[in-house]
Amino acid sequence: LVRVDPVIHGVLRLVWDDGYEGVLDLRPVIIARGRMLSPLQDEKIFSAVQLDPHGHGISWRAGWRGDRLGADALRADTEKQARLHELVGH
């Protein structure tokens, strides 16, 4: 990963070093993971997302030490969501 930007609360724009970029909706994950990711339900914490050193993932450090989400899993999820949007015509 070379860049991560919040689009709206729960949604990220991600850019990889091979030029691929996409939008990932994490809202269902934030809700489904219950307490583990519940701090991300706070818009201020979610918007403080940052790249990990060397682009191996992303994390949130704004008053909460949550789980790191790895670049490979984020890429797979981003591509899957893009394919889904293509299938439904959005």
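**Core, sheet and ring pairs in a predicted model**

Student: Is Phe-46 buried or exposed?

Tutor: The model is predicted, and in it Phe-46 has a relative accessibility of 1%. Buried means under 20% relative accessible area. Phe-46 therefore counts as buried.

Student: Which residues touch the most other members of the largest nonpolar core?

Tutor: This core holds 18 residues. Those that touch the most other members are Leu-12, Leu-14, Leu-26, Ile-58, Trp-60 and Leu-74.

Student: Leaving aside neighbours within four places in sequence, what is Leu-26 in contact with?

Tutor: Leu-26 belongs to the core. Beyond four places in sequence, its contacts are Gly-10, Leu-12, Phe-46, Trp-60 and Leu-69.

Student: Which strands stand at the edges of the open sheet?

Tutor: The sheet has 3 strands in the order β1-β2-β3, with antiparallel pairing. An edge strand here has a single partner, so one of its sides is left without a neighbour in the sheet. That applies to β1 and β3.

Student: Which residue in β3 is the bridge partner of Val-11?

Tutor: β2 pairs with β1 over 5 bridges, and Val-11 stands opposite Ile-8. β2 also pairs with β3 in the antiparallel sense, over 5 bridges. There the bridge partner of Val-11 is Asp-25.

Student: At what angle does α3 run to β3?

Tutor: Helix α3 lies across β2 and β3. Its angle to β3 is about 85°.

Student: Which residue lies over the face of Trp-16?

Tutor: Trp-16 is buried, at 6% relative accessible area. The residue over its face is 5.2 Å from the ring centre. It is Arg-75.

Student: How many residues apart are Phe-46 and Trp-60?

Tutor: Trp-60 is buried, with a relative accessible area of 1%. The rings of Phe-46 and Trp-60 have centres 5.8 Å apart and planes at 35°, so this pair is tilted. The pair links distant parts of the chain, with Phe-46 in helix α2 and Trp-60 in strand β5. The separation is 14 residues.

Technical notes: Residues numbered from 1 in each chain as written. Predicted model: local features only at pLDDT ≥ 70, side-chain atom pairs only at ≥ 80, totals over all residues. Heavy atoms only, no water. Core = buried A, V, L, I, M, F, W, Y, C linked by side-chain atoms within 4.5 Å. Buried < 20%, exposed > 50% of the residue type's maximum accessible area, 1.4 Å probe, protein only. Contact = heavy atoms within 4.5 Å. Pairing = 2+ DSSP bridges. Helix = DSSP H or I, 4+ residues; strand = E, 2+ residues; numbered from the N terminus. Axes fitted to C-alpha atoms, helices over the stretch in contact; angles between N-to-C directions. Phe/Tyr/Trp six-rings, centres within 6.5 Å; stacked < 30°, edge-to-face > 60°. Lys NZ or Arg CZ within 6 Å of the ring centre and 35° of its normal.
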